[in-house]
Amino acid sequence: MTDKRRAWAVMAVVFIASVAVAVNRFKVPPVLPVLMDELQVDMVTGGWLMSVFTVTGIVLAIPAAFLLNRIGLKLTGLVALGSAITGTVLGATASGASAMLAGRLIEGISMSLITILAPTAISQWFPSRERGLPMGIWAAWVPVGNVIMFNAAHPLLNAFGWRGVWWFGVLLASAAFVLVAFVLSSPPDPRSERNSVTAQPGDVGRGVLNPLAWLLALTFGAFAFSMLAFNTWVPKFLNDSLHIELAAANAYASLMFVAAIPASITAGWIINRLKDRYRLLPVACLVTTILFFWSFRLGSVGIVVPYLLVLGFVSNFIPTAFFTLSPETTPRLEYASLALAIVMVGSKVGATTGPPATGAILSSSSWSVASFCLAMVMAVGTFVSWYVARGLRAQ
């Protein structure tokens, strides 16, 4: 197999592994009403069933960059998928909320590792002039995982109950585990320019003191807070407020992820062609902020589909911009993976707090108030993204 064919095989495997992790991450929202009823939990705990997945990621995001450098691509991938399998099996056999939360916590290790593993593998196997397409394809892993789970969940729920959804996640992660074991590897030439993207442990002090990376992390955190909160609660909103049957509500919710798949690739194409590439992030954040103001205010079924398609397309310019810009916050290439890890810390903090905080708001207030709060959090991220864009431009 030529190096180029091998590179694309590696890219395909890390994409499949990433999708398997995303499917397991998002298996809670489509069955959340059933899960809350069977486990006898309130809305705040229901939100934690989604967001506790990211708690481990907050702790492991920065160490994951150095773990990968120490144990290599394949072993990192096996640990990531092994944690997804272990945590999902624990959840599938859980009889109460405590065991389910523990399983979700273990599953979270997979997200911490895969978000560092996949872009690093692509950077190692593809020279800089050829990374755009594979990175753009990989950036669609979260929406692809969402589309799969939001559409598979209800048939599985009807046939096997909510535990069938968890066992489906186990099977998918196991298949990805086998692919990683047989296909994923580091490039044959360890001295290649393609391998110069990983920071060394001695660089921690200098790499961590990177104000632009931390500001970018704050923006990503605001985005993750609002987006994951919306993803978690939108099926219940459609079911409660617009009286849409749960299966249809899940299908509607998946539309934003369908729109996100071409958005990820389009965003990468635009970034490479804009004269001022830094303006894309604050513009996308601003439009997303406006859209979030209407997130739980939709008054009729007729506007649900266009709203979700527009939100899904516009908002998914943001992650692609983050993955592209985060290495540019540091002046030295060997700090790139550390900068990415810092940005992912912000994302995971936002993803952890968004669903339960919104659940608490819904418990004591209304859907309209929740919409306003999501928009305000995103507005803070928009302001910070404008400041980051100025800083990157001035470098």
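Which residues form one aromatic cluster?

Guide: In this predicted model, local features need pLDDT of at least 70 and side-chain atom pairs count only at pLDDT 80 or more, while totals for chains, interfaces and linings use all residues. Residues are numbered from 1 along each chain as its sequence is written, and side-chain values use heavy atoms, with hydrogens and water left out.

The cluster consists of Phe 230, Phe 237, Phe 292, Phe 296, Tyr 307 and Trp 367. Rings of Phe, Tyr and Trp (its six-membered ring) pair if their centres lie within 6.5 Å; planes under 30 degrees apart count as stacked, over 60 as edge-to-face and the rest as tilted.

Across the whole structure, the search finds 16 aromatic pairs. One of them joins Trp 8 and Phe 126, whose ring centres are 5.1 Å apart and whose planes stand at 80°, so the pair is edge-to-face. Because Trp 8 lies in helix H1 and Phe 126 in the loop between helix H5 (97-125) and helix H6 (132-138), this pair ties together parts that are 118 residues apart in sequence. Helices here are DSSP runs (H or I, at least four residues), numbered from the N terminus. Trp 8 is partly exposed at 32% relative accessibility, whereas Phe 126 is buried at 3%; buried means under 20% relative accessible area, exposed over 50%, and partly exposed in between (1.4 Å probe, protein chains only).

Phe 293 and Trp 294 also form an edge-to-face pair, with 5.2 Å centre to centre and 90° between the planes. Phe 293 is partly exposed at 28% relative accessibility, and Trp 294 is likewise partly exposed, at 46%.

Definitions and conventions. Helices (H or I, at least four residues) and strands (E, at least two) are DSSP runs, numbered from the N terminus.
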